[in-house]
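Please work through each task before reading its solution.

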Amino acid sequence: MQFTSNIFSPILADSQVMDYFFQSNFAGQVIVVILVIFSILAWGVMFCKYADLSTMEKSNNNTAQRLRKSSLIEVADSKSIEGAYARILKDAVSAWLRSGVGNSPEDRTARIAHIENTIERSLSRQIMFYNTKMTLLGTVISGAPFLGLLGTAWGVMDCFGSMSAQTSVTLQMLAPGVAGALLTTVAGLLVAIPSVFGYNFLTAKATELTIQTENFASLVADEIEMECRAMAKRDEQQPQQQAIPRATPTQQTSRPVMAQPEPRVQRPTPSEKIVNFTFDDDLDSPTLPRNFDD
């Protein structure tokens, strides 16, 4: 604090900012105080938002690294993962396990549609977290210059109004009031300019995380669909129950004929390695990532 005061003390003394503040009218002083509060609020939002986005990115990378080493269900059952990727994965696997085990084409289509809808809803909720607090920062950016302009216009109006009753007006009489009025415009710009740079930086970071999360959700949907098709193909290749022919009197034996058991539908278990998860979409991929914007 002592170092900061040593830096800004010469600036405040040379520019006579405090003198300009006391020379402005009451409305200008109120507007300057409001702009100072807006400045503190904007800097706090920028620092907090950057910390939130950095934490989300770190959590997403942790989930992605675990998916490269384990199956979808194993990672979804883990309680140590968190973040947008983890929530989307948990919602997708939960919808997958409760969607039924029917092997008909209609059942598979309905199951995949249910999983995709669940992923899309979860993705929308996570994108909302990326954009929180940005509206407040944008409001400060838009409102601060207008508040400063309002204070300047009001101060100049009061300055000229107070001089209207005098027969002669000199520059020395007008200068203090005009300087105090212009202080609000300077304060508004000092609030808005850093906020613009912070807003653009945070918007670019949130957009990058949004695109990465959309790609992750598309890859999860593709991997689940591929596994569902692989399970259906394995079930079709299993030997079906054969019809038992009736024995003729010459073919009858004393040994009874046992009926073959019906084939069981296998469901994925957490210990089973389901897919080799990857984030790379190359040209040899059997399916393309989904576009959830359609």
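**Exercise 1.** Which residues does T63 touch, not counting residues up to four places away in sequence?

*Solution.* The model is predicted: local features need pLDDT of at least 70, side-chain atom pairs count only at pLDDT 80 or more, and totals for chains, interfaces and linings use all residues. Residues are numbered from 1 along each chain as its sequence is written, and side-chain values use heavy atoms, with hydrogens and water left out.

Step 1. Apply the contact criterion, heavy atoms within 4.5 Å. Beyond four places in sequence, T63 touches V75, I81, E82, Y85 and A86.

Step 2. Classify the accessibility (buried is under 20% relative accessible area, exposed over 50%, partly exposed in between, with a 1.4 Å probe and protein chains only). T63 counts as buried because its relative accessible area is 0%.

**Exercise 2.** Determine whether A76 is buried or exposed, and list its contacts.

*Solution.* Step 1. A76 is placed in helix α4, residues 72-77.

Step 1. The relative accessibility of A76 is 9%, so A76 is buried.

Step 2. Leaving out residues up to four places away in sequence, A76 touches L89, K90 and V93.

Step 3. A76 and D91 are 15 residues apart along the chain, and their C-alpha atoms are separated by 8.6 Å.

**Exercise 3.** Assign I34 to an element and an accessibility class.

*Solution.* Step 1. I34 lies in helix α3.

Step 1. I34 is partly exposed, because its relative accessible area is 32%.

Technical notes:
Helix = DSSP H or I, 4+ residues; strand = E, 2+ residues; numbered from the N terminus.
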